[in-house]
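Trainee: Before I read any labels on this model, could you show me how each one is reached?

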Amino acid sequence: MKTILLAGAAMVIGSVGTATAADVLLPPVVEAPYVEAPAPVEAASGWYLRGDVGYASHSLDTPFFFQGSNASYVPFATSELRSSYSVGVGVGYQVNSYLRTDVTVDYFSDADFRGSTRGGCGVAVACTSRDLSFVNGLSLLANAYVDFYKHGRFTLYGGAGLGGTHVDWGGLGNTSCSDANPALCDPTVTHGGHASWRFTYALMAGASVDITCNLKADIGYRYRRVAGGKMFGYALNGGPGYDEGFASHEARGGLRYSFGGCAQEEVYIEPAPILPPVYK
């Protein structure tokens with residue numbers, strides 16, 4: 001009888017222990033899948049080539065020359081530098097979505113110079129000299145631009161450049177004619193033109209549009225300021241002559257071809273949320 005009671009008690013205690021152990025065991029944990037947060041998309045960068053054509057309106061500071069008859073420098077009575085065309089090429093680098101730099105070489109074609117001086121001449125006491133010449137130049141500039149506004153395919157930018165221009169003045173021909181009788185003139189005197197490198201700076205603004213992911217069309221304005229220098233040499237009793245510099249206001253259009261692939265904006269994709277554990 002005692003043996004039977006002990007056996008029953010053991011069974012009861014064992015069943016209670018089993019139930020207690022079952023109660024404290026946790027269900028298996030099924031972890032949520034790991035999703036790696038994507039990194040920011042890199043800004044577009046790379047090398048590009050450019051080509052531009054333009055129309056330049058020039059404004060010349062009043063030139064002057066040394067007049068041998070009175071041993072003094074005399075300004076031209078009138079002076080005008082007419083418009084011309086320009087063409088240029090360059091190579092650049094897109095640093096990021098907002099900053100780019102390039103080096104450009106631009107040539108502006110012959111711009112005609114028309115001027116006049118007053119003084120005495122062989123045919124009359126008072127006469128006016130008609131002075132004709134031309135100038136062209138080759139500019140080498142290092143430029144930097146900020147693409148400050150982007151919307152779809154369109155970009156607005158501003159920039160500045162520093163460098164030099166090789167200014168080449170043609171020979172200056174002056175013909176002195178009587179003020180009283182303009183048909184009565186001295187023979188034309190020709191002064192040899194002068195060429196030299198001059199300091200130059202430029203300011204730019206414009207817009208570009210994406211034709212393809214690699215090709216952009218560009219239209220813009222450039223202000224170019226060229227320092228003064230010698231224009232022509234001595235002939236008879238006149239010369240040499242100097243100009244105090246000139247400015248060019250240019251309307252330009254061109255293309256830029258990028259080797260860096262399609263441009264991408266800097267964006268950041270929000271990481272996917274990490275889900276809490278799911279219990280089963």
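Predicted model: local features only at pLDDT ≥ 70, side-chain atom pairs only at ≥ 80, totals over all residues.

Trainee: Which strand does β12 (residues 195–210) join through 15 bridges?

Mentor: That strand is β9 (residues 154–169), which runs antiparallel to β12, and Val 167 stands opposite Ser 196 in β12.

Trainee: How many aromatic pairs are found in the whole structure?

Mentor: The search finds 13 aromatic pairs, among them Tyr 55 with Tyr 85, whose centres are 5.4 Å apart and whose planes make an angle of 65 degrees.

Trainee: Why is the pair of Tyr 55 and Tyr 85 called edge-to-face?

Mentor: The centres, at 5.4 Å, lie within 6.5 Å, and the planes, at 65 degrees, are over 60, so the pair is edge-to-face. Tyr 55 lies in strand β2 and Tyr 85 in strand β6, so the pair ties together parts that are 30 residues apart in sequence.

Trainee: Why is Tyr 85 called exposed, and what does Tyr 55 count as?

Mentor: Tyr 85 has a relative accessible area of 56%, which is over 50%, and is therefore exposed, whereas Tyr 55, at 42%, falls between 20% and 50% and so counts as partly exposed.

Conventions
Residues numbered from 1 in each chain as written. Heavy atoms only, no water. Pairing = 2+ DSSP bridges. Helix = DSSP H or I, 4+ residues; strand = E, 2+ residues; numbered from the N terminus. Phe/Tyr/Trp six-rings, centres within 6.5 Å; stacked < 30°, edge-to-face > 60°. Buried < 20%, exposed > 50% of the residue type's maximum accessible area, 1.4 Å probe, protein only.
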